[in-house]
Amino acid sequence: MDVAVLGATGDVGRQVCAQLIERRVLPTTSRLQLVGRPDGSSGRASYGLRADLVDAYDEHAPLIDVALHPDDVVADVIVLAAGRTAPARAGAVADRAALAAENHAVFAAYARSIAEHGSGHEVVVVVSNPVELGVAVVARELGRHRVIGMGAWLDTLRFRREVAVSLGVRRHRVGGFAAGQHGDDLVPLWSTVRVSGLDADERRRAVAQLRGGRSLDGFGAEIDEAKVRLGGLMVDDVAGAFDLVETWPPDLRGVSRPWLTHQSGAKTAAATANATVDLVDTVLDGRDIVVAGQVALAGEVEVAGTPLHGVLGVPVVLGPEGWSRVLLDEPEPDEARRLLATAERIDAMLRPWGLGAGAEVAR
Ligand SMILES: NC(=O)c1ccc[n+]([C@@H]2O[C@H](COP(=O)([O-])OP(=O)(O)OC[C@H]3O[C@@H](n4cnc5c(N)ncnc54)[C@H](O)[C@@H]3O)[C@@H](O)[C@H]2O)c1
């Protein structure tokens, strides 16, 4: 099985390539294709990156090649990490509309080429932001089951980690999902949290204690306030800002720490790549595994009696042919309200591109 990484020389792309090899997700007989642009510095750097990866991992590196044109992308799994990112510096405010416009062109160009020249079986993992826009664009070209956005899986891993830290256990003992939109509009599904070693009553007590009587109805306002406070500290006390995050409840930490990390200039490439490689590994593994991801829904799941249409992060079964089923039990009322509001906001973002819920991808 072969993997192509679009935007391989970017911060996330490089990490994805290195982790694919280091974690031995790709055997030496498979191929890793580094995809750059012929007219930008990434073209030259793609050749350099190939040399660097072989230099580092000669003993177990897969075959590595370079492609500089979308038509030349050939792989079973394609990681879409090309495109612009929000500025990574303190106080920077992302122009979401400009980012979306620029990356829409990137999504559309690659999706069209893969649809025209591909095998018809590729699975695409969207990393670039806005993830939901990338999923909608690619789903329209390739069919909705062959594309998944990794944002909800990254948000899920962060949520599990924060819950685990608060309980004093390791992350692998915590289950549960974050859904919704990647970023500030994520929906921590507290009702799905499971902790190995705790029975249902113990878990309910533990979760209630971690939540401290809060509901998701106030979560958006908490995030806004958190950003203002962290933004103020970032000016001359970055360490203090990270310390302040530690005092907050797990779901708020799960959103605010990555925001702070990006603003600090470090970006979040390692964690992003880790979550991405998890999904690639799942697709290559051959078994069906439950993950969370942004997918294009067509009414197959209901929340509070409302069928969901359009792109949304939800728990899904992921396998070699893409995602097959949504695994979302009826959420708690506050989760349902936030999910529906988030779905509405994503729809509003996609509508100008003709990709709103009404323009559903039926396949
Ligand atoms: N989903 C997530 O959780 C998550 C997390 C972090 C970053 N991201 C997103 O991943 C993307 C990459 O982030 P990064 O930090 O690696 O950015 P980066 O600027 O370091 O790298 C961007 C890469 O995209 C390529 N590129 C830029 N414009 C292009 C175009 N028009 N056509 C083709 N290729 C182009 C560049 O050559 C480079 O290789 C961004 O959209 C970012 O917002 C997503």
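Me: What makes a residue near a molecule?
Reply: Its C-beta atom, placed from the backbone, lies within 6 Å of that molecule. This is a predicted model: local features need pLDDT of at least 70, side-chain atom pairs count only at pLDDT 80 or more, and totals for chains, interfaces and linings use all residues. Residues are numbered from 1 along each chain as its sequence is written.

Me: How many residues surround the ligand here, and which are the closest?
Reply: The count is 29. Gly-7, Gly-10, Val-12, Ser-42 and Ala-82 are the closest.

Me: How does the shell around the ligand split by class?
Reply: Ala, Val, Leu, Ile, Met, Phe, Trp, Tyr, Cys and Pro count as nonpolar; Asp, Glu, Lys and Arg as charged; the others, Gly among them, as polar. Here the shell has 15 polar, 10 nonpolar and 4 charged residues.

Me: Which helix gives the most to the shell?
Reply: Helices are DSSP runs (H or I, at least four residues), and strands are too (E, at least two), numbered from the N terminus. α1 gives the most, with 3 residues.

Me: Which residues of α11 are buried?
Reply: Buried takes 20 or more other C-beta atoms within 10 Å of a residue's own; exposed takes 12 or fewer; partly exposed is in between; C-beta atoms are placed from the backbone. In α11, Glu-335, Arg-338, Leu-339, Thr-342, Ala-343, Ile-346, Met-349 and Leu-350 are buried. Seen down the axis, they fall within an arc of 140° (taken from the directions from the helix axis to the C-beta atoms), so they line one face of α11.

Me: Which exposed residues does the face turned away carry?
Reply: Pro-333, Glu-344 and Ala-348.
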